[in-house]
Amino acid sequence: MLELLVLHPVLENSWINFDVPSLIQNFWSATFDGLTFGAIYGLIAVGYTLVYGVLNLINFAHSEVFIVGAYGVVITLTSLGFGPSAPNLSLAAIIGDILLALIVGMLASAVTAFLLERIAYRPLRRRNAPRLAFLITAIGASFAIQSLIFVIRGANAEPAVTMYRAIPVFDVFGTIINTTSIIIVVAAVVLMVLTDMFIRRTRTGRGIRAVAQDPDTATLMGVNKERIIVITFVLGGLLAGAAALFYVMLVPSGVIYTGGFVLGIKAFAAAVLGGIGNVRGALLGGLLLGLIGNYGQILLGDSQWTDVIAFVVLVLVLLVKPTGILGTSLGRSRA
């Protein structure tokens, strides 16, 4: 009885809430916000999926590939005169500047991914290093890139960059959907579809699938395995750079040298949820994780629960269905 009396005030003042009415009230806003963030998770998750599908390697440094692209986007826009307030420019000028920032962000991430493969992973492959060596190298490379950014840009977050004034487009049960959410979700889906078509319908894509299925046989059939591996890293980097632009668009002041870590973990969780090694699964997992995270933080009453939920989902998927929802590996995907 004494134990119950001691626990009662703890439970009464608990920081864990199950606020079902709030979830019902904010269901549609949480849904659209979740899809928006989930689209970003999905784009980043493709990098994990492609590298794992080809090399059976979890590239934990991919989160830093993303954040380098985010720095490229912010630095480009800042150089063009963008700041905390929306610029007073014509629509054509804004679109042109954003496209330039997109190109710079994608190139920055792609170059980072290329150098990562050349400097960190290729020497290990040539020495037939065990998988544990790749994992340790990936973690070390992640911290090395973080430290390099810290030395160059400092410990503070980059100044906020607002690209344009978001315009309400339509109303869904009292929830206003603006241009930012529509642009991010539509662009992410288009990029994912193009990536899926590239892998399934082009000669290089067939090479990626062949190396993923059986690298030795693919080499005997004339596929340049090293070239395919480089293309895989660069393709993941390009998509991470695009995700970086969308992230800055959604979180104007969110670029900091450690900012890629948690987002990378969420993207990895999305890849596992959808089926790591499956490009379509990466998008599906990202969207689902975005929805689950948003619903969970409202239900539990604190935005910090979003990160916890990502880890819980990752663990549960690994325990219940390690192959993910779709489960088809890259090497067995059909044309």
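**Helix 4 and its two partners**

With 335 residues, the protein would have a radius of gyration near 20 Å if it were a compact globule; its value is 21 Å, which agrees. That radius is taken over C-alpha atoms, and the globule rule is 2.2 Å times the number of residues to the power 0.38. Along the principal axes, the C-alpha atoms fill a box of roughly 70 × 65 × 40 Å.

This is a predicted model: local features need pLDDT of at least 70, side-chain atom pairs count only at pLDDT 80 or more, and totals for chains, interfaces and linings use all residues. Residues are numbered from 1 along each chain as its sequence is written, and side-chain values use heavy atoms, leaving out hydrogens and water.

The protein has 13 helices and 2 strands. These are DSSP runs numbered from the N terminus (helices H or I, at least four residues; strands E, at least two). Mean pLDDT, the predictor's confidence in each residue from 0 to 100, is 86 for the protein, and 93% of the residues score at least 70. Helix 4 has the highest confidence, at 95, while helix 1 (residues 2-12) has the lowest, at a mean of 42. Over residues 1-13 pLDDT stays under 50, and the model has 0 contacts there beyond four places in sequence. Contact means heavy atoms within 4.5 Å.

Now the packing. Helix 4 (residues 62-79) and helix 10 (residues 225-250) have axes that come within 8 Å and cross at roughly 55°. Axes are lines fitted to C-alpha atoms, for helices over the stretch in contact, and angles run from 0 to 180 degrees between N-to-C directions. The pair is therefore oblique (under 35 degrees is roughly parallel, over 145 roughly antiparallel, 65 to 115 roughly perpendicular, the rest oblique). The crossing is right-handed: the near helix is turned clockwise from the far one by less than a right angle. Ala, Val, Leu, Ile, Met, Phe, Trp, Tyr, Cys and Pro count as nonpolar, Asp, Glu, Lys and Arg as charged, and the others, Gly among them, as polar.

Helix 11 (residues 259-274) packs on helix 4 at about 125°, with the axes 8 Å apart. That makes helix 4 oblique to helix 11. This crossing is right-handed. Ser63, Glu64, Phe66 and Ile67 in helix 4 meet Gly259, Gly260, Phe261, Leu263 and Gly264 in helix 11. The contact has 4 nonpolar, 4 polar and 1 charged residues.
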